[in-house]
Amino acid sequence: MVANLARGAYSALGAGWHRGVQWGVGAPIAKLRRRPVALPGIAGAGGIDDVLSAERAIRLPEPLEGRSLGRIGSLEVRLATRKSEIRRAQRLRYKVFYEEMSAVPSGLAALSRRDVDGYDAVCDHLLVLDHAAPRRKKPFVEPRPKVVGTYRLLRGEVAERHTGFYSEGEYDLAPLLGAQGHRRLLELGRSCVLKPYRSKRTVELLWQGIYAYVLHHRIDALIGCASLEGTDPDRLALPLAFLHHHARAPEGWRARALPERAVAMDRMPREAVDAKAALQALPPLIKGYLRLGATFGDGAVIDRQFGTTDVFVTLPVEVIGARYRGHFAPAG
């Protein structure tokens with residue numbers, strides 16, 4: 001499985017989202033475990049509905065599709081509106097996952113040079129476009145901006161109407177969905193950014209787009225998988241044990257790896273875990289999510305097609321600090 005939340009882009013706090021991305025975060029553990037910041041006029045943790053009911057809540061017009069969600073210089077973020085734009089996102093994914101990284105393509109993917117699966121038809125696709133990128137001019141064809149970043153978004157109600165969440169191929173989400181059935185969930189996946197564009201500008205646009213989508217659809221929590229590079233869990237014992245002992249999700253949010261695919265994360269006793277060394281060993285993606293307040297499920301999963309070890313992430317919107325919400329909120 002492609003690790004959701006984890007393909008080539010960056011985390012919201014300036015951390016690289018995946019291998020090959022070098023912009024890292026080296027914050028001490030105390031900063032990673034901050035308390036959520038309360039919003040004025042909001043008592044307790046009632047979810048995104050309470051955030052939206054606040055006096056200064058951001059309201060987005062209908063429809064969201066096709067509307068620019070942010071722009072920095074020549075870069076713009078918005079949702080795909082045509083099948084041709086989704087195909088261009090799939091070509092970008094192929095270039096990053098299969099040509100730059102170590103994923104092994106199927107025969108069909110190698111032939112089409114696109115990363116495609118059945119979820120593409122039911123997901124929304126967030127795009128970062130470069131309007132100034134040089135491109136070949138074709139007769140009678142209107143010039144198009146270049147797709148340089150993408151993210152796939154799957155809402156809970158859409159997943160329920162079709163084949164479920166993508167991450168259900170690795171994790172048993174039934175207890176989580178049962179406990180959180182009243183909440184609106186959003187699964188993030190298939191994210192990647194073209195190598196020359198892996199910069200702060202691009203991550204800010206990606207997260208501005210994601211946060212606009214969260215507000216528009218009143219999303220309560222983000223879920224998905226993040227990856228550690230490598231398929232030998234013994235070599236990953238320190239970071240896996242750190243996540244198990246120090247960032248384990250509460251019972252109501254704890255997804256468990258499918259029994260036939262599960263790899264134990266508590267590979268070291270709690271007292272043997274060197275927190276500082278573990279943080280240095282964690283991918284920047286996961287450090288960024290820890291900073292936002294994410295917690296992690298039980299058990300890891302080996303993804304041999306992509307050469308990674310995956311962990312399940314849950315991030316309720318209500319625990320994201322107010323200053324981060326303000327930073328990534330759409331203007332206007």
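Buried means under 20% relative accessible area. This is a predicted model. In it, strand β11, residues 300–303, is covered on both faces. Ala300 and Ile302 are buried on one side. Val301 and Asp303 are buried on the other.

β11 has antiparallel pairings with two strands, described here in turn. Strand β9, residues 262–263, pairs with β11 over two bridges. There, valine 263 faces alanine 300 of β11. Strand β12, residues 308–316, pairs with β11 over three bridges. Isoleucine 302 has threonine 309 in β12 as its bridge partner. β11 and β12 also make a hairpin, with four residues between them. Glycine 307 sits in the turn and has a positive phi of about 70°.

Strand β4 spans residues 146–155. Nine of its ten residues are buried, so β4 is largely enclosed by the rest of the structure.

β4 pairs with strand β3, residues 124–130, in the antiparallel sense. Seven bridges link β3 and β4. Aspartate 124 is opposite leucine 153 in β4. β4 also runs antiparallel to strand β6, residues 185–193. Six bridges join β4 and β6. Leucine 154 is opposite glutamate 187 in β6.

## Nonpolar cores

In soluble globular proteins, nonpolar side chains tend to be buried together. Here, the largest nonpolar core has 70 residues. Leu126, Leu243, Ile286, Leu290 and Val311 have the most contacts inside that core. Helix α7, residues 200–216, gives the most to this core, with ten residues.

What does isoleucine 286 touch, leaving aside residues up to four places away in sequence? Its contacts are Ala226, Ser227, Leu228, Leu243, Phe296 and Val311. Of these, Leu243 and Val311 are also listed, with Ile286, among the residues with the most contacts inside the largest core.

## Alanine 275

Alanine 275 is found in helix α9, residues 275–281. Is alanine 275 buried or partly exposed? The cut-off for buried is under 20%, and partly exposed runs from there to the 50% limit for exposed. Alanine 275 has 21% relative accessibility, so it counts as partly exposed.

Proline 239 is 36 residues from alanine 275 along the chain. The C-alpha atoms of alanine 275 and proline 239 are separated by 8.7 Å.

Notes. Residues numbered from 1 in each chain as written. Predicted model: local features only at pLDDT ≥ 70, side-chain atom pairs only at ≥ 80, totals over all residues. Heavy atoms only, no water. Core = buried A, V, L, I, M, F, W, Y, C linked by side-chain atoms within 4.5 Å. Buried < 20%, exposed > 50% of the residue type's maximum accessible area, 1.4 Å probe, protein only. Contact = heavy atoms within 4.5 Å. Pairing = 2+ DSSP bridges.
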